[in-house]
Amino acid sequence: MPQSRFAALLSQHDLPPSLIYLAPVIPVVQVMWADGRNQIPERAKLQVIIQEHCRALAELAEGMEVVSQADIDIFDRTFVAQKPDPSTLWPFFEVASELLSRRNNEQKATTDSLYQREKLFQACLEIAATCPADMGNGANEMFARRIVDAERRYIEQVFELLPRTK
């Protein structure tokens, strides 16, 4: 079960159990780090995404705080402030992706949390498009390099999580 594997990963890395609710943020973090760097505008946008996700979770919990600011700060130090070791981030990404693919999208459709797959996909696109990958010399080059290949691959993986329309 992906939820118990995610909880085990958290425990293995001495991370608070409440970070399981930030599992949908992991693919966004993976997209952010895909080009090997973390730029200030990306980080600022990611903080907004996390806060909105947590606000939506609190609404679902009828106003109860689901993830504390202290735990969000731990998440930030672990995955955002500095580049996590790929051997650490990748297992979280794999299990988070599996967890998200098994979630019933309609069950969470009333929320703005990242459990809503379209919202997660949009968050990944926003992070990828926040900072140009390479300005290049001409307009065609700039548009071709707006999103680097690694970001595109992670976005495609998140796109696979989206429900199929009939």
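Here is a walk through some loop residues and salt bridges in this structure. The model is predicted, so local features need pLDDT of at least 70, side-chain atom pairs count only at pLDDT 80 or more, and totals for chains, interfaces and linings use all residues. Residues are numbered from 1 along each chain as its sequence is written, and side-chain values use heavy atoms, with hydrogens and water left out.

Let's start in the loops. Most residues other than glycine have a negative phi. Aspartate 14 isn't a glycine, yet its phi is positive, about 55°. You'll find aspartate 14 in the loop between helix 1 (2-12) and helix 2 (26-33); helices here are DSSP runs of H or I, at least four residues, numbered from the N terminus. Aspartate 14 is exposed, at 71% relative accessibility (exposed means over 50% relative accessible area, buried under 20%, partly exposed in between, using a 1.4 Å probe and protein chains only). Glutamate 62 also has a positive phi of about 55°. It sits in the loop between helix 3 (40-60) and helix 4 (69-80), and is exposed at 78%.

Now for the salt bridges: there are 6 in the structure, each a side-chain nitrogen of Lys or Arg within 4 Å of a carboxyl oxygen of Asp or Glu. One of them pairs lysine 45 with glutamate 126, at 2.9 Å from N to O. This pair ties together distant parts of the chain, 81 residues apart: lysine 45 is in helix 3 and glutamate 126 in helix 6 (residues 117-130).

Arginine 55 and glutamate 59 form another, at 2.4 Å. They are 4 residues apart in helix 3, so about one helical turn separates them. Shared partners join Glu52, Arg55 and Glu59 into one salt-bridge network.

Definitions and conventions: Helix = DSSP H or I, 4+ residues; strand = E, 2+ residues; numbered from the N terminus.
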